[in-house]
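Dear colleague,

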Amino acid sequence: MKVIYTDVLVIGGGLAGLRLAIGAKRRGHDAIILSLVPAKRSHSKAAQGGMQASLANVTKGQGDNEDVHFEDTVRGSDWGADQEVVRMFVNTSPKAVRELAAWGVPWSRVRKGDRQVVINGQKVTITERDEAHGTVAQRDFGGTKKWRTCYVADATGHAMLTAVADRAIAESIPVHERMEALALIHDGGRCLGAVVRNLVTGEVLAYVAKATAIATGGAGRLYRNTTNAVICEGIGHAIAMETGVAALGNMEAVQFHPTAIFPAGILVTEGCRGDGGLLKDASGHRFMPDYEPEKKELASRDVVSRRMEEHIKKGNGAKSRFGEHLWLDITLLGEHHIHHNLREVWDICHYFLGVDPVKDLIAVRPAQHYTMGGVRTKPTGESPTLKGLFAAGEAACWDMHGFNRLGGNSVAETVVAGMIVGEFIADFCDKSENAATVPVGLVQEFVEREKAKLDEIVNRRNGEDPSAIKLEMQDLMTANVGIFRTGPELQAAVDGLQKLLARARNVGVRSSAPGPNPELVTAYRVQKMIRLALTIAYGALTRTESRGAHFRSDYPRRNDAEWLKRTLATWKGDSDTLPTLNYEPLDPRRMELPPGWRGYGAKDYIDHPDTPARAAEIEKIKASGAAGDRIALQRALMPYDHLLPPVLRGRNERIDEPL
Amino acid sequence: MAEVKAARTLTFKILRYNPRVPGDKPRLQSYQLEEADGMTLFIALNEIRDKQDASLAFDFVCRAGICGSCAMTIDGRPGLACRTLTKNLGAEITLAPLPVFELIADLSVDTGKWMRGMSERLQTWVHMKQEEIDLKRIEDRMDPDLAEEIFELDRCIECGCCVAGCGTARMREDFVGAVGLNKVARFRLDPRDKRTDDDYYELVGDDAGVFGCMSLLGCHDVCPKQLPLQTQIAFLRRKMVLQGTKG
Amino acid sequence: MNSTQNVIAGVGLADRPLKSRWPARMDFAQSASGLVLGLFMWGHMFFVSTILISKDAMWSVTKFFEGYFVLGVSYPGVVSIVVAGVLGLVMFHAFLAMRKFPANYRQYRTFIGHRRFMAHEDTTLWWVQVVTGFLLFFMAAVHLYQMMMHPGDIGPYGSADRVWSGRWWPLYLVMLFAVELHGGVGLYRLCVKWGWLEGKDANASRRKLKAAKWVLTVFFLVLGLATLGAYMKIGYEHRAQVGEKYTPAWAVPAPKEKAQ
């Protein structure tokens, strides 16, 4: 049995995993990154529009700060987020942009003087300040009060990932490519590493580590129509849940992005709308102002996606041989803007749709985009139930997105979480009591168990076809656990998935050739994926309210009285066919921003009994003026500084807010 | 009136070889598939794998032309399979793995290892003046045009097409390829990187570096991101010759 | 090596052995010698093609290079010196360019396959250069040696006799194609290699350069074939008087007087 020892084992080579490993390495701990693909090919690459950080450099961002970013994020989350974590995030995000700027990310910069932009379909001239010239620029994104999204044209994730991956190479951090974690090694209370399969040779080996971090991104491939890369199958989520100890939080919160090109499902950035693009229906009518007079195209993603589907259901969709869709119109932005700031969009339209977005409309329809749920962690990134297991980025639920993530907050979260969790994981490794004493027997047991599972699949004759099962699962999810959900549909999904799970236990493969065996990979993943799909469907069935991206047509109101709580799912036994659900309440009495109307979307909701009292209390503190400036006031409402690693504490300088 | 044409039947000739199967020999295997509207090689290959041959190995990740995983030779030329529409190809399509890179199996090659080696060799990261960055302070300013110029070169997705399309790289294993030279040009342009031409000469001032390039421009012509490789390599050559003849 | 230093500024290169400066010099020298030879080749073609104007024109050009119009006397030795220089340059250029040739059979096979499958014009043109360069290594050497040793034999009759009666025309015919293709492609490649005449849109400039290259190549091939034809014709007609030197029309004695 081959065993590789390290201090920190990072599963996932995207932005979160890389940044986390760099943090640990800089603190003197060895880190190894496992990645299904070369690190620079991770799905972080696909982030286009940008990352939110309240730098307030551009004129339209003036007055922005952590407080505004905090409120936007919490409202976006439909109050599902952990507000302390949101605070940690918004305070670190500007630091992340500045660190990346020093590391070489070619952020688009502010140019002083007049420039023409499109706002609400009108050409408007904006004057940028002289003193902002050359600082990192921001663009508009959905669900935000200020222009806050820092960007590199429309290849932000690409530029960030390139810089961070190269930084990891500079720090001599090994990335073990084409390696897949099959299971976490643990003793019921402490995580000790992972059983790993080499996707090139098929070898199964063990990695033993003081700390193990899951940074495997999302689970979009549980759906048929998704913007996610083909590697985003949620295996990181699944292996955490399969420990029976670690929990997944809010898996039913699944985001659908309004503008995936139709029918290929490839993303075109929210920056299209942020920069002034419009949504139009079959008759060329701009319909979003009819539904959302305040934010129009730039309401949060869950709201825009729902409005689009609603509009199609009313018969306003453009018809095509693949079904109905709507149009994204960016022609009004002009050729120069598209060729400079939306190059990737142009490429995608050109290669996949055969249209020129300078002149033509883009066929779009919402598609699965983001997994708000993930491995439940404390604000340190560590699982509260399985010591030594950390998670960061999309795979984690520490929980800054609640039930809907704002555009630009995910790519920001990856590096911010990497920075924060990297420090905490180093703290963890620093402690002598956390030195991993390796119970060889346990490691052996886990490796043998995984090998036996693989052998069983390889040796099964006439088993179920794994790719057919996977396809059925994806269709079930897309049909029944989508943007609009109802009890009967969700029940049908749960029933169907349970049947599929039973069949998936019987999968076989036709080829037992050594080396890369793509069919075997599908075969052992599909069972994990169905468990994860069940967690989403069952969580959605049980949650009888609508919150953020989780919309129940049969329970259309947000119900804080009963559902201001986080779903926690665990998978107790190997033979279980449903996850075990528990709920963790969110306490309005500790919130800086008690639940209310988001500023867009539905206005009616059922209040939590403690909300009015907290709201009154906050008003009193604000009115008294005793607190002082905004920083002191914030501290009086909900202190969070102590939660951050010392190196990441402190205010952020702005042109209008010198230190 | 659009003419309704019968869907074509495409024949895929795919180079199959799994070096881990004892006795396996490289061979061309044919698959037939009915063409569908908007079909890309991503769709076609997955359909072949799902319905006809579960053992066929290939790599896709983003399937949107931005991650660089799916480069392969398509009818002899390197390109990104995910965004290649079958309607732009003939009825017989020949697919082979990228040369130069270590073969994993069939159409799957190990570009990651090669690229990591290149990065380590050329030190493709910003060499800062000091390690400590004051994260609280406003970032250093940069001219917007310069930022855009750097981004232009930073768009490289390390897909390996330029290397596979390069006559020099095909003949000489130690050649850094256009991907490496473009990276050096990118960092050279970046004022945040404190390296000088003297340092860069040490990295690419030989026949495995910029002087190995014979200006066949295969790289420039196959680059899926249309990077200005011709211009950048010429520029780097001038600078390195200047550096090398200075003294 | 100190890894921290590597990551940060100093690059950590201070104590490493310095890379040789020779690759830079050789790269430059290869291009520079190629440029000189390429331009020489075009000039040379213009000079020899003066035979198409008249024998007198060609005679004048020859005499000019022998220093006749400056010094009043012909010094064919001047030509020998120039030819020796060109021969040296050819050898120098060949030595440098040979570094880029496939070094062994494996490399040769790889490149041949690469060229075939890529079907890429510039790649194919490089192979044309390799083949023509290889041919020129021999043919140019023979031609230049002959010129160096018998500079006085250059002239309307001298050259024509060599072409026809000396049976040099097959060599010249092959060499014409080799040299025009090699030089034309080489000059085009120099432009893209060093970024000359690139302008704002490198792709558009390259298309124009490529077109210009083909126009020039065709032009010089036509000119060269016509010139070779002219010498062959003169040589054929003059086959009985091989060895006779040409006398320009204005110096020919009155027609009534008998020659000799």
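The notes below cover the basis of the values, then an interface, and then two residues of another chain.

This is a predicted model, in which local features need pLDDT of at least 70 and side-chain atom pairs count only at pLDDT 80 or more, while totals for chains, interfaces and linings use all residues. Residues are numbered from 1 along each chain as its sequence is written, chains are lettered from A and ligands numbered from 1 in the order in which they are written, and side-chain values use heavy atoms, with hydrogens and water left out.

**Chains A and B**

The contact (heavy atoms within 4.5 Å) draws 73 residues from chain B and 83 residues from chain A. Between them, about 6200 Å² is buried, with carbon and sulfur atoms giving 54% of that area; buried area here is the accessible area, with a 1.4 Å probe, that two parts lose on being put together, summed over both. On the side of chain B, the residues that lose the most area to chain A are Arg63(B), Leu135(B) and Glu139(B), which together account for 12% of what that side buries.

Ten salt bridges (a side-chain nitrogen of Lys or Arg within 4 Å of a carboxyl oxygen of Asp or Glu) are counted between chain B and chain A, and one of them joins the side chains of Lys40(A) and Glu158(B), at 2.6 Å from N to O. As for composition, the side of chain B that touches chain A divides into 32 nonpolar, twelve polar and 29 charged residues, where Ala, Val, Leu, Ile, Met, Phe, Trp, Tyr, Cys and Pro count as nonpolar, Asp, Glu, Lys and Arg as charged, and the others, Gly among them, as polar.

**Two residues of chain C**

Met41(C) lies in helix H2 (residues 22-48) of chain C, helices being DSSP runs of H or I with at least four residues, numbered from the N terminus. Met41(C) is buried, at a relative accessible area of 7%, where buried means under 20%, exposed over 50% and partly exposed in between, with a 1.4 Å probe and protein chains only. Apart from neighbours within four places in sequence, Met41(C) is in contact with Val179(C), Glu180(C), Gly183(C) and Gly184(C); Gly184(C) is 143 residues away along the chain, yet the two C-alpha atoms are separated by 9.6 Å.

Phe64(C), in helix H3 (residues 55-65) of chain C, counts as partly exposed at 48% relative accessibility. Its C-alpha atom is 9.9 Å from that of Tyr75(C), eleven residues apart in sequence.

With best regards
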